[in-house]
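Here is a short briefing to read alongside the model. Keep the structure open as you go through the points.

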Amino acid sequence: MAGRLIPLIFCVAAIIVGGAGGARSADPPRVTSIRIGTQEGITRLVLNLSGPIKYRAFELGPPYRVVVDMPKVDWIIARKMSFGASSPLSSLRFGASGPKVYRLLLEARRPMRVQKSFFLSPNERTRSWRIVIDLEPVSEDAFERIMRRRRAVSAPQKPKPHKAPPDKKSSAKDSRPLVFIDPGHGGADPGAISKFGLKEKNIVLRFARRLRTEILTDGRYRVAFSRTSDVYVPLRRRYAMARKQGAKLFISIHADSNPAVKTRGLTAYTRSNVATDKGSAALARRENRSDAVAGIDLSGHPSGVTNILRDLVRRDTQRKSRIFARYVVREMKGVTRLAPRPVRSAQFAVLRAPDLPSVLLELGFLTNRRDSRRMVNDRHMRRVARAVAAAINRYFGHRPAASAGRK
Ligand SMILES: [Zn+2]
């Protein structure tokens, strides 16, 4: 599909961005994350970047698409994503569309227009530059008028200057809580592997994307990821990223393994220096080996400095983590199989953030035939993701009805 679309629209892009190729010879800016959410009919796309770029956003179609053209950037996140049926966008792709033109292509399920787009500079809350694009559904007739007008104007508009007046009201002060999703393992570290070659790192990433879709449907939260592709991120960096971005909840996604192949079910783990049981302690050791498996140097870790104030904060964080873990388990009843004693704790390295409530979900056991089958069943995993989203609603004090009512 990509191969067919790109050549068709290539010439348009080449003209538009011809004037925007003034990239400096330094390293191109990195695109570090992308966020898409719909609220009150407006779908907002936010691209986080390490530096300013010139870009241009416009519509194409039918088939209905929204395009963001930009100069060379270092796109370190997934180049392809698809979104659930509840999103007005069906998929996203990123790739080169010419020697100096890079294109983000969003496929829409219905006609949409770029209602507004602007660039935000770093502020006291975030160090990244952001492109914000708001999309609004329009009728087919309105869309056709937009396209006719575009065709009439032979010379494309100049790309917006990157110091466009920031719309502080709506974006810089996005106070919606940030839910940070951490798909475990990745890259050189596959995590657990099933008898049929299913890898934990892939299963958890797929589930993380599904979970994001479910979380974003309410428009109440923002979502960020520790990784969106098959790369390894050191454990310490995972929660450091979450804290830096001001996350309010950290959810690490994993899938377990056990030599006893009958062992199955979902477990929600929180961090504690004293493990609930031997099995949990052993699991934490296995999960904590990730850095070593991926070849990360573990030297230079800060030694634990005791501090009464920090202990208080940590205790409060652990309490909140356990509350969330219990909500997850409660929402899972009737949705998926739970492990016997589904809320446990152990010394997981990735749950170490002292001030960020953190839970590690083991979705099930890859070593169990029924669990591993369910983990690749889209419908089943969507229901599990919905249950997690409902637990998030509960945790933040919202009535879970919004998610429970959906089919
Ligand atoms: Zn794992």
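In which helix is the place of arginine 373? Arginine 373 sits in helix α9, where helices are DSSP runs of H or I with at least four residues, strands are runs of E with at least two, and both are numbered from the N terminus. This is a predicted model, in which local features need pLDDT of at least 70 and side-chain atom pairs count only at pLDDT 80 or more, while totals for chains, interfaces and linings use all residues. Residues are numbered from 1 along each chain as its sequence is written, and side-chain values use heavy atoms, with hydrogens and water left out.

**The protein as a whole**

- The protein has eleven helices and 16 strands.
- Of its 407 residues, 50% are buried (buried means under 20% relative accessible area, exposed over 50%, and partly exposed in between, with a 1.4 Å probe and protein chains only).
- Its accessible surface comes to about 20000 Å², and carbon and sulfur atoms account for 52% of that (Shrake-Rupley method with a 1.4 Å probe; for residues, only the protein chains shown count as cover).
- Among contacts between residues at least 6 apart in sequence, 74% join residues at least 24 apart (contact means heavy atoms within 4.5 Å).

**The positive patch**

- A patch of positive charge on the surface brings together Lys195, Arg337, Arg369, Arg370, Arg373, Arg374, Arg379, Arg382 and Arg383.
- Two or more patch residues come from each of α9 (369-375) and α10 (378-395), and α9 gives the most, with four.
- Patch members have over 30% relative accessible area and no salt bridge, with like charges joined within 9 Å and nonpolar side chains (Val, Leu, Ile, Met, Phe, Trp, Tyr) within 5 Å.
- Lys and Arg count as positive and Asp and Glu as negative, while His and the chain ends are not counted; the place of a charge is NZ of Lys, CZ of Arg, CG of Asp or CD of Glu.
- Arginine 373 counts as exposed because its relative accessibility is 53%.

**Salt bridges**

- Side chains of opposite charge can pair when their charged atoms come close.
- The count comes to 16 salt bridges (a side-chain nitrogen of Lys or Arg within 4 Å of a carboxyl oxygen of Asp or Glu).
- One of them pairs aspartate 134 with arginine 44, with the closest N and O atoms 2.7 Å apart. Aspartate 134 is in strand β10 (residues 129-137) and arginine 44 in strand β2 (residues 42-49), so this pair ties together parts 90 residues apart in sequence. Both aspartate 134 and arginine 44 are buried.
- Aspartate 182 and arginine 238 also meet in a salt bridge (2.8 Å, N to O). Aspartate 182 lies in strand β11 (residues 178-183) and arginine 238 in helix α5 (residues 235-244), so parts 56 residues apart in sequence are tied together. Aspartate 182 is buried at 1% relative accessibility, and arginine 238 is buried at 1%.
- Aspartate 316 and arginine 319 form a salt bridge at 2.9 Å, N to O. They are three residues apart in helix α8 (residues 308-332), and therefore separated by about one helical turn. Aspartate 316 is partly exposed at 30%, and arginine 319 is partly exposed at 42%.
- Salt bridges with shared partners link Arg44, Lys116 and Asp134 into one network.

**Positive phi values**

- Histidine 185 is not a glycine, yet has a positive phi of about 60°. Histidine 185 lies in the loop between β11 and α4 (200-217), and is buried at 4% relative accessibility.
- Arginine 341, in strand β15 (residues 338-346), has a positive phi near 55°. Arginine 341 is partly exposed, at 49% relative accessibility.
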